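Work through these exercises with the model in view. Try each task before reading its solution.

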Amino acid sequence: MSIAQQKEKLFGHAPEENFLTESKGWKSWFFTLDHKRIGIMYLIGVMAAFALAGIFALILRAELFTPNQMFLSNTNYNKMFTLHGAIMVFVFIIPSIPAALGNFVLPIMLGAKDVAFPRLNLASFYLWMLGTIFFIFAMVSTQLDTGWTFYTPYSVQTSSAVISALTGVFILGFSSIFTGLNFIVTVNTMRPPGMTWFKMPLLLWALYSTALIQVLATPVLAITGLLLLGERTLGLGIFDPALGGDPVLFQHFFWFYSHPAVYIMILPAMGIISELISVHSQKKIFGYEFIAYSSIAIAILSFLVWGHHMFTSGQSEMLILIFSALTFSVAVPSAVKVFNWVATLYKGSIVLTTPMCYALSFIFLFGIGGLTGLPLGTLSTDIHLHDTYYVVAHFHYVMVGGTLIAFLGGVFHWWPKMFGRMYSEKGGQLGALIVFIGFNLTFFPQFIMGSRGMPRRYARYDPEFQIFHQVSTIGSLVLGVGLAIAAYVLLVSLWRGKRATGNPWGAATLEFQCCSPPTFHNFEHEVILHDPYDFEAIEFDEKVDGYVPVLPEPAEEPAPVPEPVESN
Amino acid sequence: MVLFAQETSREGTFSFPLPASNFAADVDGMYAFIFWISLFFFVVINVCMFYFVYKYRRKDSRLPEKSPSHHMGIELAWTILPSFLLVYMFVVGAFGYLDMRTPPEAAAAVERTIDVKAFKYGWQFIYPNGDITTELHLAKDVPVRFRIKAEDALHSFFIREFRVKMDCVPGRFTECWVTPRMTRTPDETLNKDGSRGSLEPFHLACSEYCGEGHSQMRTEWKANPDGKTGSWAFPVYVHDCSFDELATFTNWKPQENSRWENGQFYFKAYGCVGCHNIEDGPQKVGPNFKAVNWGSNVMRQFEEGPDAPADDDYIRESINYSTKRVVKGYPNQMPKFNFDDEKLSYLIDFIKSPASDPNPTKVKDLKKETAKTTDSQSAEQ
């Protein structure tokens, strides 16, 4: 059999059935153990949560168009920003990349059939839904006005639905732990023979580091949540100064989880960017080992810097000095990654596909987000900037400009793989551009407001800040339009899109070796293993009309050709 | 609804408010240093990125020409070299911070300590001589220490012109200090006719979220219903005088004023206005006292328990034991006060008639009058 025939046989025909069509009915989704379907359900879920929390953001930005009350009372404003923050953090960003994209991509990247514990995976999704239901219950009852941080003693005093929201956070935490546990075991035990740690795609390093944080840090959130529940219901007196407790202790507990959680959000985003930059410039990633080690370094250091959220809280000077020093150490691995990405572009073969537009936009925005972290880590300047809009702008540049942009880039990158359809490239690029402009318009003025001294979480403000707020509000509308365009482009592709081949981008990682969408078993043949960034190991095949792995020349003897696995 | 409010005075540089304290120059200088370093790296990264994207855009062949994917020298360099800048930032920032948290002896002395009390939703300053106000008066070039406490929830004491910020934590004292370097007097912020002056006071703000009235805990112009006159809530003033002379700005002499005026003073000094409106206007956290009828024949309804008459004793209880009975429809958020009977009686007189003074006689004359009547009565007998 010639090489051409082999290729034809392995990659030429899309199978009749794929994971989307192999079984039908809601039960086939709701009780599925297929990591791909669970990933898709997570994707739909987190997107809905994102849309909801995004609408809250638009409402509160609209209210801030004038310094005085327009349509939200103080209390309603407080509820609005709390729900925006809490839903974005707990229901959207934390599960977004690992649970939605990671679930879909991670096993296929390993050439595996599924994650190590498919049932645990489904349980994680059920817990996510249950936790979200508690949040929705909080939303329709008395809402929540504590800020997403639940700082005591206010969270003990307020009459809003702290208990149901905390229960939601508690349950969502376990959903996150299950996903992390699954990923750790899967990466450790299910790598194909020949894929050593340093032959893994960088996204897997990032997801692995993330999973370590999820498993180690999230229990602390659960404990904190339980203690706060006890405080509210039983009056334990651990955090409430009226009962002899210490509110600063709560902040320590809270940030002991929530700072590592920041890296649960950004690390997988960095992993995605490593993939996108490399694939869409068809160049081996620069400094693979430094990027891989920096993921682990960030995961470890993330546990040691929580106190930088508390520089003005009244903790001891010695602690504050130590936390400031440690905070600067996190800057190094983050900067290394950025340098490596830019170096990867050097002498590449760059195409501005939609995922690449998001990746470049990530480097720009994450650059601003990261660098504005420096005056916040520097103690003397932080005292002035702490709890102002400067901080709001900084973390939105990292969480939205970083994580959300990378998430969108990832969705566009793996969309053809998930649904077997190509979207309109022009439409996708337009969406990415408008998102980029809208984002900067929204959040850049907030840096200036913040350094001028506008405190965060203010329903009313001094008229001198109005011009910045107005630019920001207009920007948020532009951002909303950009996101709507992106969503429209993706949805339309499901009906109108051209059929995608197995490997539309010329990527060298394994998930692009199976067909799009993958079959229930992911691979119909044994995987052909090569370096995840060796783009010479794949070639364009006219007959297949897509990229396929370069197959070895057949020897005189009939070579051991990978046989198609019988599908059932 | 005014969409575009008239531009107010915006002082300071483009990105910072006025540098009005001993810390401001250091903080702003350090920020500028970090800013330029950051801008340098940002420009280098993005110029490279955009240049590469343009220069190496895909032309004909998919596979790029060979280039190294690893260079230990470069990678170690860009890992290690920026670290020196980071260490420098840490060290300078740490020394600046230790300055902010270590009051000099002159400020640490008891007679230079101002107690700051934050509560939902207002501020109160207690001076070494016992004066209590909601306005912060400081003297130029005189270091002062703030001993900060919170009544109820977390707050944060933030004066942007001073670059000073410290959380107010219930159940413990926190502290910070400052030496004001610029003056800002009430005359500059308030005209003789009661209208708004050309400048604003320095700005105090609560910067730790504390609930419904969080954004009311700031220096703000409160216009009267006539739209022209008004007053500043929680202003920060710096006078060109010695610290002891400051007392004249805050000394309140109850004897020299009527009972109602004393009540009005304490009502404002203790920050009651933060939550209780005393004229027509938006509903604040607590009941509007202009709208309430008082008297032993008027019944108040409560969240729990039977109705009770709104007499003087009820007002006393609501102030000193505020959480005991909460009026229906209002949150249980009022801080507990512990006023002596004299202050309480002044406050009650004012609360019962916030619009006008029913008896504008000075307290000291009031005593004489009472004495006179008693004298004449005894003479008649």
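**Exercise 1. A pair of strands in chain B**

How many bridges join strand β5 of chain B to β8(B), and do the two run parallel or antiparallel?

Solution. This is a predicted model. Start with β5(B), which covers residues 144-150. Five bridges join β5(B) to β8(B). The two strands run antiparallel. Now pick out one pair: B:Arg145 has B:Trp177, in β8(B), as its bridge partner.

**Exercise 2. The three-stranded sheet**

Describe the open sheet of three strands in chain B.

Solution. Its order is β7-β6-β9 (chain B), with antiparallel pairing. The edges are β7 (164-168) and β9 (204-206) of chain B, and each pairs on one side only. From one strand to the next, the twist averages 20 degrees. Then take a single pair of strands. Strand β6(B), residues 155-159, is joined to β7(B) by five bridges. Within that pair, B:Phe158 stands opposite B:Lys165 of β7(B).

**Exercise 3. Where the chains meet**

Which element gives the largest share of the side of chain B that touches chain A?

Solution. Count the contacting residues: 74 in chain B and 80 in chain A. List the elements of chain B that give two or more residues to its side: α1 (24-55), α2 (72-101), β6 and β7. The largest share comes from α2(B), with 15 residues. Finally, sort the residues on the side of chain B that touches chain A by type: 39 are nonpolar, 20 polar and 15 charged.

**Exercise 4. The build of chain A**

Decide how compact chain A is for its length.

Solution. First, the elements: chain A has 17 helices and four strands. Its radius of gyration is 24 Å, close to the 24 Å from the globule rule for 568 residues, so chain A is as compact as a globular protein of that length. Its C-alpha atoms fill a box of roughly 85 × 45 × 45 Å along the principal axes. Now check burial: 64% of the 568 residues count as buried. Last, take the contacts in chain A between residues at least 6 apart in sequence. Of these, 83% join residues at least 24 apart.

**Exercise 5. A kinked helix**

Where in helix α15 of chain A does a kink lie?

Solution. Follow α15(A) along residues 389-419. A kink of about 40 degrees lies at A:His413, shortly before the proline A:Pro416. Beyond the helix comes A:Gly420, with a positive phi near 70 degrees.

**Exercise 6. A hairpin in chain A**

How many residues lie between β3(A) and β4(A) in their hairpin?

Solution. Locate the strands: β3(A) covers residues 538-541 and β4(A) covers 546-549. They run antiparallel, joined by four bridges. A:Asp541 stands opposite A:Gly546 of β4(A). Four residues lie between the two strands. One residue of the turn, A:Asp545, has a positive phi of about 60 degrees.

Conventions:
Residues numbered from 1 in each chain as written. Chains lettered and ligands numbered in written order. Predicted model: local features only at pLDDT ≥ 70, side-chain atom pairs only at ≥ 80, totals over all residues. Bend = angle between axes of the 7 residues up to and from the residue. Pairing = 2+ DSSP bridges. Rg over C-alpha atoms; globule rule 2.2 N^0.38 Å. Buried ≥ 20, exposed ≤ 12 C-beta atoms within 10 Å, placed from the backbone. Contact = placed C-beta atoms within 7 Å. Axes fitted to C-alpha atoms, helices over the stretch in contact; angles between N-to-C directions. Nonpolar A, V, L, I, M, F, W, Y, C, P; charged D, E, K, R; others polar.
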